[in-house]
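Work through the exercises below with the model open. Try each task before you read its solution.

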Amino acid sequence: MKAVLQRVSEARVVVDGQTVGEIGQGLVVLLCAEKGDTEATGQKMLDKILKLRVFYDDAGKMNRSVTDVQGGLLIVSQFTLAADTSSGTRPSFTSAAPADEGRRLYDAFVAQAKSRHALVQTGIFGADMKVHLVNDGPVTIPITIIGE
């Protein structure tokens with residue numbers, strides 16, 4: 001499973017001109033399920049995301065997690081994180097989980113996030129989404145958790 005986290009001061013997802021998910025301070029989580037990923041893989045990813053210290057403490061050091069600052073999570077499915085660009089100029093997405101499996105793993109990840117974190121918003125799986133965000137820092141962190 002792959003994710004790209006962006007620390008934001010605000011973010012929202014728009015589908016067909018309508019805002020479907022929106023947060024203030026927090027993390028945008030662009031999430032990609034790959035072949036071989038399981039719900040346990042997603043659990044490990046969520047554990048890492050909730051504990052990752054990327055917010056400033058009173059001394060100006062990145063020592064606080066999204067949980068510590070009571071920030072939001074905006075979780076957006078993004079299968080293109082599985083892109084293989086090693087050959088030619090058109091990316092291959094063969095390592096991405098098939099759509100039905102990707103949706104199942106995404107839904108399980110979101111359900112776990114909602115059970116463990118106070119503010120969780122999402123995009124719409126498979127939709128053409130417009131993601132608007134103000135990257136705070138900028139802070140952008142890629143994370144890969146290998147499936148079992």
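**Exercise 1.** Which residues point one way from β6, and which the other way?

Solution. Keep in mind that this is a predicted model. Start with one face: G72, L74 and V76 point one way from β6. Now turn to the other face, where L73, I75 and S77 point. Then check burial: all of these residues are buried. The strand spans residues 72–77, and the count for β6 is 6 of its 6 residues buried.

**Exercise 2.** Find the strands that pair with β6, and say in which sense they run.

Solution. Take β3 to begin with, which covers residues 26–32. Strands β3 and β6 pair in the parallel sense over 6 bridges. Look for L31, which stands opposite S77 in β6. Next take β7. Strands β6 and β7 run parallel and are joined by 3 bridges. Here L73 has V120 in β7 as its bridge partner. Finally, trace the chain from β6 to β7: the path goes through helix α2, residues 99–116. This β-α-β crossover is right-handed.

**Exercise 3.** Is T122 buried or exposed? Which residues does T122 touch, not counting residues up to four places away in sequence?

Solution. Locate T122 in strand β7, which covers residues 120–122. Its relative accessibility is 18%. Buried means under 20%, so T122 counts as buried. Now list the contacts. Leaving out residues up to four places away in sequence, T122 touches V20, G21, L74, I75, Y106 and V110.

How values were computed. Residues numbered from 1 in each chain as written. Predicted model: local features only at pLDDT ≥ 70, side-chain atom pairs only at ≥ 80, totals over all residues. Heavy atoms only, no water. Helix = DSSP H or I, 4+ residues; strand = E, 2+ residues; numbered from the N terminus. Buried < 20%, exposed > 50% of the residue type's maximum accessible area, 1.4 Å probe, protein only. Contact = heavy atoms within 4.5 Å. Pairing = 2+ DSSP bridges. Right-handed = clockwise from strand over helix to strand, strands pointing away.
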